[in-house]
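Here's a quick briefing for anyone opening this structure for the first time. Have a look around, then read on.

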Amino acid sequence: MDVILLSAKTPKKVVLRFLKQESMLAVSGAAVLLVIMVALLGPLIMPHDPISVSLTEKVQTPSFQYPFGTDPLGRCILSRVIQGTRTSLTAAVVIVSISGIGGVLLGLLAGYKGGGVDSLIMRLVDVLLAFPSIILAMALIVSMGPGLESVIVALTLVHWTGYARLVRAEVLTLKQAEFVEGARALGNSSSRILFKYILPNVLAPVLVMASLDIAHIILSMASLSFLGLGAQPPEAEWGAMINQGREFIRTAPYVTLFPGLALMFSILAFSLLGDSLRDYFDPRLRDKVIE
Amino acid sequence: MLNKQVMSPLLSIRALSTCFQIQETVVKAVDNVSLDIYPDEVLALVGETGCGKSVLALSILRLLPENSLSEGSILYKGFEILEGSNEELRALRGREIGMIPQSQASSLNPLLKVGWQVMEVLRLHTKVRKPDAHKKVVELFSRLQLPEPEKRMDYYPHQLSGGMRQRVLVSMGVACNPNLILVDEPTKGLDAVLRMEVVKLLGRQAAENNRSMLLITHDLSVAALLADRIAVMYAGEIVEMGSSAGVLKIPRHPYTQSLLDSLPGRGFKPIPGFSPSLSRIPPGCRFQPRCRVACSKGAALHPDLREADPNHYVRCFHAD
Amino acid sequence: MGRFICKRLAATILVIVAASMLTFGILHLTPGSTPATILKYAFIGLEEIPTDAEITEITTRFKLSDPLYQQYYRWIKQALRGDLGDSYVYRLPVAELIGLRFPATALLAVLSVTLSLLISIPLGILCAVKRNTFFDHFNRLLALFAVAMPSFWLAYLLIIVFSLGFNLFPVAGFRSLSSLVLPCVTLAAGMGAVTLRIMRSSMLEVMGQDYILTARSKGLYERSVIAKHALKNAFLPVVTVVGLQFGHMLGGSVIVETVFSWPGIGKLLIDSIFAKDIPVVQGCILLIAGTYALVNLLVDLSYALMDPRIRYGRES
């Protein structure tokens, strides 16, 4: 209650207060930033070429030259983990952007138009949700042939449903809201009402979903690559790298350990960010006062 | 009325303050409230939403969430509620002090039959066996004029109308015949017809059983029908308290006067402005910014609650 | 209630039919199911170049030149009689293959769900009741890590520690009961973590409801407030999530079965994908979608059994 009024003193104090109150948001935001930085700066911070094979230096234990050791083909695991960050993050961002924008648009359409359009879109969503998402993605990949591109297409086709459902539900509530009724009474066109009045109000939950979705997609992608359906050699991808270390878990566990750690860190960072964004946008979850 | 004041009170609240800590802000919902409830008396606590009246009721039963703190004294039959153990409090709730909660729509457990929910409180506090408890609740339902009481026992809350749910809540609060009943906004969310029915119901309840009642309401007309005494609350503190007739006929506090003028039958005039946020209470008189006779003294100084007439207390510089 | 069951049953059947069309469409409209690919993968070897005669033979044998809807109609008609076609690779009826493999997956799934619920539900309740204590923070942190942990990586960590380190459980295969432990724990971890978090937040939500205040105002013991008034309400959202989680688990079983060489449906599916054994892939996916739909039907029905608002609907 009136926290903003009380705290509006100096910018520094505002930032400090924010960090203290939203420590989870700050920590997860920093972790996500770290992942993004590693992906952006990738080529600059890689000690070695992630692709070139050196059969004389295969499966070496971590050393000063190779901090994470080398893989069964003598490639620097650290460089490959960094390259894997680029692979995963780029793909995840592409998938989330396309499926997110597509899903939001279809959700707006379904919720606002209602009727036949609505039932057509929602029945399609129902059918897609009849499969566990990774199984549907596998079916799509079978038809397109294994590879990172197929994974991107498959996961995009699978993931838009969540946004469509979310946005549709929000639109159905917002349609009844007074400010929307007012805008309609003032003679605003449908598209103007949709994009000017309704869209801004659904962005927060969409953002939360997108952050959680990136975590989910990174995991699905790694799983598919682990199964051999995603990234193909010599591409550096965490799931594929873990798969490659399978035969060496007895002698060289670090081959699977480091890509796994990177994978888990990224998933943790994005899902924590999603969770804390949700708490941040939904003050209902904070302490309540009676009356 | 006056002879009651000589008796010793059933419940005696002294200098009660209840605060909530919300993140780094402290909200003082009840501020230095003192009041007595005498045996066989209906005391109405009147004020706008958010003035702290419900918090006061929950403080009496110590049912507030963990982020709250109550200070002062609440004596029930000489027992200090604020210092009682959890078990002592538990035994008091429902048995000695009953509560009829607000919002009939959400105060009943949606997954349990209403008959069972009322029987639960009976079986907990009295050593009555299940068939007898069942019989007693049916009796209670029919006394509260719930149509087809036997059948209603097996209904779930969503199968009942708002008025019926309100009756179920009333029967739950009075089932063990407690000495004091706290009634929280009994008319909230009911239409005019139902409101009158509930008021009649409560009036009969109070008259028949000779029990004390703390009636919490924002509606002065409900208080006028039921209460022996009225306490008016504003921004966490009591601004006027006296006999029902005294407060309604010769209101001394400008807030009470404004409340009366806002009643549909009395001009329907709304009070300008908003009550202050309980986390940022102005230093002077709390009603001063909205007061029709706002004085400069009130802007700077906080008036005390004084006895303006015998047994009629007012917190206003104009009442001196 | 009867109407509700009929409606949900009809919806489930519709979804399964639509899912079968989608699966069939995806798998047959693609380069993966041209006569040449089928020949190469299943009959003559990858290096060979199929002759025109062979292609004609395969096309007529599997009636691949018919319009897709006719192929689907033929397939679904047979599927309804329990005939899912023959595997290109194993030269066995798909239904028979699935019948051989399904028990292993079902055993794994049922045990994992049971294990995860047995642990996560009580822990979730306790975390909510002891909110913001060390116990709560510790378990939430654990759940957070378990949610973020990729199952295949967790599987390797478990193998490294318990199979290679302590030599407690076998690395792979299905020979004895102890073979079940690691795959079960791997599958249960993720699901349990999600359930724990939902159970906790649902419990907290319920504990803030008005009817809990009513229950307390009656003078109930706190344990009765929790047991009689809070738990049942708090279970409602959990039931839904358990259904969804079951779907995730069916997907996850593909990975876990691959890691542990578990002879179940998941392993069969992935092997068949690489062998381009389309009839088997189709059968497995249909089975998984069907199981998922049935589980969700059961979830909806149990939800209705728990919630009188659905069971009886509104009067007047």
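Let's start in chain B, where Asp40(B) sits in the loop between β2 and β3 (42-46). Keep in mind that this is a predicted model.

- Asp40(B) isn't a glycine, yet its phi is positive, near 60°.
- It counts as partly exposed because it has 17 C-beta neighbours inside 10 Å.
- Asn32(B), in strand β2 (residues 25-37) of chain B, also has a positive phi without being glycine, near 55°.
- With 16 C-beta neighbours inside 10 Å, Asn32(B) is partly exposed too.

**A cis bond in chain A**
- Going from Pro233(A) to Pro234(A), the peptide bond is cis, with omega near 5°.
- You'll find Pro234(A) in the loop between α9 and α10 (238-244) of chain A.

**Two helices packing in chain A**
- Helices α8 (residues 178-185) and α9 (residues 190-226) of chain A have axes that come within 10 Å and cross at roughly 150°, which makes α8(A) roughly antiparallel to α9(A).
- Their crossing is right-handed.
- On the α8(A) side, the contact uses Phe179(A), Val180(A), Ala183(A) and Arg184(A), while α9(A) brings Ile193(A), Tyr197(A) and Ile198(A).
- That contact has six nonpolar residues, one charged and no polar ones.

Technical notes:
Residues are numbered from 1 along each chain as its sequence is written. Chains are lettered from A and ligands numbered from 1 in the order in which they are written. This is a predicted model: local features need pLDDT of at least 70, side-chain atom pairs count only at pLDDT 80 or more; totals for chains, interfaces and linings use all residues. Axes are lines fitted to C-alpha atoms, for helices over the stretch in contact, and angles run from 0 to 180 degrees between N-to-C directions. Helices (H or I, at least four residues) and strands (E, at least two) are DSSP runs, numbered from the N terminus. Angles under 35 degrees count as roughly parallel, over 145 as roughly antiparallel, 65 to 115 as roughly perpendicular and the rest as oblique. A crossing is left-handed if the near helix is turned anticlockwise from the far one by less than a right angle, and right-handed if clockwise. Two residues are in contact if their C-beta atoms, placed from the backbone, lie within 7 Å. Ala, Val, Leu, Ile, Met, Phe, Trp, Tyr, Cys and Pro count as nonpolar, Asp, Glu, Lys and Arg as charged, and the others, Gly among them, as polar. A residue is buried if 20 or more other C-beta atoms lie within 10 Å of its own, exposed if 12 or fewer, and partly exposed in between; C-beta atoms are placed from the backbone.
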